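Subject: Structure handover

Hi,

Here is the structure I said I would pass on. Please open it alongside this email, as my notes follow below.

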Amino acid sequence: MNNTMSVIKKVAIYSRKSRPDETDETLKRQLAFLIDKCVDNNWEFEVFQEYGSSQDSNRPELNKMLEKIQSFHYDAVVVTDQDRLSRSTVGFHQVKEILTNYGVQLVTSSKIYDYATQEDDLMSDMQSIVAKQEYLNIKKRLVRGKRQSAKEGNWVGGKTPIGYLYDHKTKKLTPDENAPTIRRIYELYLSGNSSTEVERIFDLDGILTPSGSKWNKARISVVLSNPVYKGTVIYGKTKVSKVEKKPSGSPKQLRADESDQIIIDHAHEPIVSPEDWEKVKDIREGRLTKPPSARIGKVIFTGLIKCGLCGRTHSFQRRKGKELRVTSCQTRYYSDDGEKYTVCKNKGVKLELFEQVFFAKFGQFVNELELYLEEIKQNIKHDETNPVDEKAILTANIKKIEADIKKVQKGFIAEIYTEDEAQKEIKRLKVQKKYVEEKLKRLDTKSKDEKIDELQGTLNKLTSLLEGTSDLETKDINYLLTAIIDHIEYKRVGDHKAEIEMKIHYKGQ
Ligand SMILES: [Zn+2]
């Protein structure tokens, strides 16, 4: 990281309100913090501060900054966190494209992102998902009346799901002309087709979504897992933490317990019978929770499981002739005289049970990621800056400088230059050459398509892991999980029947 910090010389500070509950005072504090950071690091800086709304649509300062980035003014952009740049995943993707193409790094209060490397790319994509969800949550919190409305079985879930129409008079959903397509997805799945096979069948039949997109596997999975189709309304799937905060001071978003959610069955006319919906759920969960360790036989969670009570890393053991287990926590608490001790109360568990809980949770995350990638693929505008042209220009520049160096050398031989003059000139040209070469190196990152392919590749690996069809080696699976997951908080306290409590902490969150 220190290495990266040293190449940064000139930066742009970007600041704006990105949440409805932020005051001018918070903004001022943020700006002061960012300026301090630049002064500490000896960075020359320029400030771009947006006034007014937190909406993405009207942001003159951002545009001004992006323009200057494209004429190579800055080495980095400094923000409190990534979601300052854009609240929408699509908008964020566009900003990121420009940063990538112009080799500009993104410095946040917690981390430096260099989008030229794949891991950061994946992390930032995930962060923008998280930030988006959090924003939606704050919006939800502000409209408290919605909860009451939901209790009455009204549709308050936002976007109307495909297959339904929202009736403004009754505030309920009614099936529309797309309902048969939804029913067909369920029927195909129940008769033994996987969502990939449903995708293929719809593709062959030329069936598209109402907005004209392809019915891909991710969309089909969303339909299959949405209880709205059995007539159920769920409100409040996520909640905002009162305790945990992100570095920016904003509250962290958590998945709500089922007891905090408003779940109303028979809220509107179902498209699929509740019995069929539950059958689909069983099939889906059977697929998602198939423990890969049964086949792999080794541990893929090495170093990832942390005690929810004391934070110690759990290890694994196999008692003679028995199944593989996550060990109980070994932390000892000594009495004041150091004579006696008690051991941390966190119990171990069969690895198989641990995996079932883990893969059910992780499966949801991968689903979200998959949807997000689809959204990017559908929505990115064709990029006007062509890295290939840019590359050609820089390559030509290098050739010209090389030719100039030769000219000076020849000039020295022909006694046009003195030795001193020639050396000075050559030195100057070499510095220039190195500068252009570095620019070229930064530009020499992968194309957008290649990056999407890479992210898709990672997703495919995760999906086959979830489906139990992965052919990766144990250590590669561990490597893959470690690239995405910071740690898995695990807690199981009580008698032998105690349930597993688990929270997956993803990197960059
Ligand atoms: Zn412990």
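First, how are H7 and H9 oriented to each other? Keep that in mind for a moment; note that this is a predicted model.

**Overall**

The chain has 509 residues, and 26% of them count as buried. Its secondary structure comes to 16 helices and 19 strands. Take the contacts with a separation of 6 or more: 66% of them are between residues 24 or more positions apart.

H7 covers residues 179-190 and H9 covers residues 217-225. Their axes come within 10 Å and cross at roughly 90°. Angles of 65 to 115 degrees count as roughly perpendicular, so H7 and H9 are roughly perpendicular to each other. On the H7 side, the contact is made by Ile 182, Ile 185 and Tyr 189. H9 contributes Ile 220, Val 223 and Leu 224. By type, the residues of this H7–H9 contact are six nonpolar, no polar and no charged.

H9 also meets H8, which spans residues 195-205. Here the axes come within 9 Å and cross at roughly 115°. The crossing of H8 past H9 is right-handed. H8 supplies Ser 195, Thr 196, Val 198 and Glu 199 to the contact. From H9 come Lys 217, Ile 220, Ser 221 and Leu 224. The residues of the H8–H9 contact divide into three nonpolar, three polar and two charged. Look at Ile 220 and Leu 224 in H9: they take part in the contact with H7 and in the contact with H8.

**Sheet S12-S18-S19**

Next, go to the open sheet of three strands. The order is S12-S18-S19, and the pairing is mixed. Which strands form the edges? They are S12 and S19, each pairing on one side only. On average, neighbouring strands in this sheet are turned by 30° against each other, direction ignored.

S12 (residues 305-307) runs parallel to S18 (residues 485-491), and three bridges join them. Ile 305 stands opposite Ile 488 in S18, and Cys 307 stands opposite Tyr 490 in S18.

On to the other pairing. S18 and S19 (residues 501-506) are antiparallel, with six bridges. Ile 488 has Ile 504 in S19 as its bridge partner.

Best wishes

Note on methods: Residues numbered from 1 in each chain as written. Predicted model: local features only at pLDDT ≥ 70, side-chain atom pairs only at ≥ 80, totals over all residues. Helix = DSSP H or I, 4+ residues; strand = E, 2+ residues; numbered from the N terminus. Buried ≥ 20, exposed ≤ 12 C-beta atoms within 10 Å, placed from the backbone. Contact = placed C-beta atoms within 7 Å. Pairing = 2+ DSSP bridges. Axes fitted to C-alpha atoms, helices over the stretch in contact; angles between N-to-C directions. Parallel < 35°, antiparallel > 145°, perpendicular 65-115°, else oblique. Nonpolar A, V, L, I, M, F, W, Y, C, P; charged D, E, K, R; others polar. Left-handed = near helix turned anticlockwise from the far one by under 90°.
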